[in-house]
Amino acid sequence: MDQSTVGNLDDSTWVENWLSKPRLGTYLKRCHGNMDEAMRLYEWNTDLGLVLLRDIGYFEVALRNAYDHVIRERWNRDEHWLFDPSSPVNIHIPRHTRAGASFDANALNRNLIAEASHGHRGKLSPDSTIANLSLGFWAHLTDKAHERALWIPYLHHAWPAGTNRATLDSAIRSIGLCRNRIAHHEHLFDPKDDSLLPDLVDRSVVELFCQLIPENTIFSPSVPSPVEQFLERHPMPEPGAEKLAADAHNMTIAEYFSMWVRRDFSRFDELFSPDCVYEECYGPVYEGLEELHHWIEDMLVRQTVTSWEIHAVERGQDARTLFISWTFSAIEDESYTFDGISRIHFDGRGRIDHVKEYKADHAQYRPFKLEG
């Protein structure tokens, strides 16, 4: 979350009023009390949740339709399996808690079906009811209490042969719990249960989706999941990490500028990405280290840089993009000086991977300045 998104954080009262003191405290604690970093972490958590929630939504639709298909295919009564009192989701299934108390394992299912069917006039619509049922309902169907009534005669047909019900049930429950955390805007980092780690949950989502619909073109278990790709592009912000990265970027830029004055490019390959693109303000473009080295060698023969002074470094909205204003002085056939701005972008390893320069005449004047 950049400064333009959160506004002025000098007075953070509005943030506390927005998120609540306990919720904000989770992020502040992680960021050692730094409000700016806490808000960036909150935004990162929200973005991560959006990626994972989308994938879970895809899986939820696939799961409910697969279950409806395999049950309906084997259900030989006139009434839909959701509404028939003799259905495995409606019959009384007595169970006992560890403390010895008795309960009906289908009581929750019957209540959820009734709520999902509420408001229908005339004949109940199975499709509308299925769409209204929560992920919790479908996750509940693979628990141990429903093994004989649902898993063995019906649901195992939706999965590859040999699928372990208990393992599957645990994975679906973790997906449901993670979905609830996202829906309630909870933090996704540092869960108490490792099975709720976002990358592990999304990996389960991808694998289970592909088992239900092997021919799909949305997911592939052989490539990183969408959440894994997100985490690769947007690692979790660490306290102080942005300042450390900014300091490293500034040092890299200062060292590069000084190379031209010192005429020492021995560390050039450490500072620049192998596929860097460099656009000079005059028009030439160099792509890759080989072209850059040819350019440097050519300039060292015919040019002596006397100074390359940095005036200011400004960071763009993208933390890896910097804008540097400078004054450049050199001698070729004669001495010259001009001002300029460089737009420099860094890759994920802190190396320069794109430079674009802009030039301005150093001498300035005011043609319309009022006299007196």
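**View 1. Aromatic pairs in the predicted model, with Trp-81 and Trp-138 in the centre of the view.** Residues are numbered from 1 along each chain as its sequence is written, and side-chain values use heavy atoms, with hydrogens and water left out. The ring centres of Trp-81 and Trp-138 are 6.2 Å apart and their planes stand at 70 degrees, so this pair is edge-to-face. Because Trp-81 lies in the loop between α4 (35–74) and β1 (94–96) and Trp-138 in helix α7 (residues 135–140), the pair ties together parts 57 residues apart in sequence; helices (H or I, at least four residues) and strands (E, at least two) are DSSP runs, numbered from the N terminus. Trp-81 is buried at 1% relative accessibility, and Trp-138 is buried at 0%, where buried means under 20% relative accessible area, exposed over 50% and partly exposed in between (1.4 Å probe, protein chains only).

**View 2. The aromatic pair of Phe-268 and Phe-272.** These two rings are stacked, at 4.2 Å centre to centre and with 15 degrees between the planes. Both Phe-268 and Phe-272 are buried.

**View 3. Asp-339 in strand β7 (residues 335–346).** Asp-339 is buried yet has no salt bridge, the nearest side chain of opposite charge being that of Lys-359, 11 Å away; a salt bridge requires a side-chain nitrogen of Lys or Arg within 4 Å of a carboxyl oxygen of Asp or Glu, and in counting charge, Lys and Arg are positive, Asp and Glu negative, and His and the chain ends are not counted. The side chain of Asp-339 does make a polar contact with that of Thr-327, at 2.6 Å, and another, of 2.9 Å, with the side chain of His-362. A polar contact is a pair of N or O atoms within 3.5 Å, of which, within protein, one must be able to donate a hydrogen and the other to accept it, residues adjacent in sequence counting only if both atoms are side-chain atoms.

Definitions and conventions
Predicted model: local features only at pLDDT ≥ 70, side-chain atom pairs only at ≥ 80, totals over all residues. Phe/Tyr/Trp six-rings, centres within 6.5 Å; stacked < 30°, edge-to-face > 60°.
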